[in-house]
Amino acid sequence: MSMIERVKEKARSDRKSIAFPEGSEERTILAAGELVREGIADPILIGNADEIRAEAERLGVGLAGIRIEDPSGNEAGSPDKVQADALQGSPEAVSAGSLMERSDSSTKAKKYADLLYELRKSKGMTPEAAREQVADPMYYGIMMVKAGDADGLVSGAVHTTGDMLRPALQIIKTKPGMKIVSSSFLMDCPDKNIGADGLLVYADCVVVPCPNAEELACIAIAAADTARTLCGIEEPRVAMLSFSTKGSAKHEMVSKVQRAVEIAHEMAPDLLLDGEMQFDAALVPEIAASKAKGSSVAGRANVLIFPDLQAGNIGYKITQRIGKADCFAVLQGLQRPCNDLSRGCTVEDIVNTAAMTAVQAQGM
Ligand code: ACO
């Protein structure tokens, strides 16, 4: 079974609710239908309720099992409500039902605005600005996750990485003991002799442009955790990458990685982590034997930590395009899981990301 199939299986074992702030977007609606059909997660589509329903009907996606949340309070005509109205059977009941639904939605929007104001008032947030922000499906979704009304969030089919990252960083915040949010790419390589049966975790490839030594250590520890949670790697072996192996070159860039190794050892003394080392010393036993003799990681690494975002982002793309690896991105270090898609994503990418988000939520 592939890594992503194992993740889906795990997601099914304890279903979580996943919010989609791009709720009226075609691929997102198709993915929501797929998540329900496969029993992977309970999707919540956020957006204009009428638009979502019209688009779902056009796409032939049934809305059973899919929740719709409309930040504007327009929920009239939801399948659940139509059924309730039919049962009550009178035009008055229809109208009263609509009002009740609207008031439920407005109550939630008010709850989220109040919470947002409380969380951000020290940063200059006003009650009015909070009300305006929660009318935006992205902020509404982030507030749902913060309030515990959704277990996780997936977006990025339309929005940029920064559009989702910024509110997630500002509102969801980092897990206790974790200083920064970063990302891991799970690389499923065709060569099963590499890493853990072909699986490698690369970090950070999305979030932190120029990590300092302490941040690099945090990225390494978070990536090891991701390797355990999502890849089922029981013993992560973390290589801190550089253009130098064990002092073969001297440069301030190398010193930063060496310092990160020391900090990571202090933060997680039981974690198998070593460096600095070159990419080939991390993965090839023969090269490790000559360049990093005695290392518990070199030649057998399954988690690779890149010294900065340029190296990480370029590295994962080389592995994907030339190495023909399947790759899956997740954010790590957040108190509750929120994950980003690429704007060129497919329906399958959205389903996969929702499954990984659900599994991350199981561990929180
Ligand atoms: N972890 C935790 N909190 C953070 C982090 C982090 N890594 N970065 C910023 N924050 C917090 C700040 O402390 C601040 O919080 P506060 O408002 O409560 O004080 C808040 O987030 C905003 O901080 P800014 O520094 O103003 O953040 P900015 O708006 O500049 O951007 C961002 C943050 C979006 C993550 C930025 O670092 C970025 O653009 N990173 C690169 C993203 C990217 O383009 N990736 C590559 C493409 S994606 C791909 O290839 C798949």
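1. Ala129 sits in helix H6 (residues 127-134); helices here are DSSP runs of H or I of at least four residues, strands are runs of E of at least two, and both are numbered from the N terminus. Ala129 is partly exposed, with a relative accessible area of 26%. The terms used are buried for under 20% relative accessible area, exposed for over 50%, and partly exposed for in between (1.4 Å probe, protein chains only). Between the C-alpha atoms of Ala129 and Cys338 there are 23 Å, and the two residues are 209 residues apart along the chain.

2. A note on the source. The model is predicted, so local features need pLDDT of at least 70 and side-chain atom pairs count only at pLDDT 80 or more, while totals for chains, interfaces and linings use all residues. Residues are numbered from 1 along each chain as its sequence is written, and side-chain values use heavy atoms, with hydrogens and water left out.

3. The ligand is surrounded by 15 residues, and the closest are Arg120, Lys123, Arg166, Val181 and Val206; a residue counts as near if one of its heavy atoms lies within 4 Å of the molecule. By class, this shell has eight nonpolar, three polar and four charged residues. Here Ala, Val, Leu, Ile, Met, Phe, Trp, Tyr, Cys and Pro count as nonpolar, Asp, Glu, Lys and Arg as charged, and the others, Gly among them, as polar. Helix H8 (residues 161-172) gives the most to the shell, with five residues.

4. For Asn313, an N or O atom in the side chain is 3.1 Å from a ligand oxygen. Val181 uses a backbone N or O atom, which lies 2.8 Å from a nitrogen atom of the ligand. Taken alone, the ligand exposes 1,000 Å², and the protein buries 60% of that; accessible areas come from the Shrake-Rupley method with a 1.4 Å probe, and for residues only the protein chains shown count as cover.

5. Helix H7 (residues 137-146) is largely enclosed by the rest of the structure, because eight of its 10 residues are buried. The buried residues are Met138, Tyr139, Tyr140, Gly141, Ile142, Met143, Met144 and Val145. At the start of H7, a side-chain oxygen of Asp136 comes within 2.8 Å of the backbone nitrogen of Met138. Just after H7, Gly148 has a positive phi of about 80°.

6. Ile142, in helix H7, is buried with a relative accessible area of 0%. Leaving aside neighbours within four places in sequence, Ile142 is in contact with Leu153, Met164, Pro167, Ala168, Ile171, Ile172 and Cys338; contact means heavy atoms within 4.5 Å.

7. The largest nonpolar core has 95 residues, and Val238, Met240 and Ile305 have the most contacts inside it. A nonpolar core is a set of buried Ala, Val, Leu, Ile, Met, Phe, Trp, Tyr and Cys residues joined through side-chain atoms within 4.5 Å. Helix H9 (residues 213-231) supplies the largest share of this core, 13 residues. Apart from it lies another core, of 22 residues, among them Cys189, Leu241, Ala298 and Leu304.

8. Thr28 is in helix H2 (residues 26-38). Is Thr28 buried or exposed? At 2% relative accessibility, Thr28 counts as buried. Its side chain makes a polar contact with the side chain of Glu25 (2.7 Å). A polar contact is a pair of N or O atoms within 3.5 Å; within protein, one must be able to donate a hydrogen and the other to accept it, and residues adjacent in sequence count only if both atoms are side-chain atoms.

9. Two peptide bonds deserve a check. A cis peptide bond joins Ala203 and Asp204, with omega about -15°; Asp204 is in the loop between strand E6 (199-203) and H9. Another cis peptide bond joins Gly275 and Glu276, with omega about -5°, and Glu276 lies in strand E8 (residues 272-277).

10. Asp197 has a positive phi near 55° and is not a glycine. Asp197 is exposed, with a relative accessible area of 58%. Lys324, also not a glycine, has a positive phi of about 60°, and Lys324 is exposed, with a relative accessible area of 58%.
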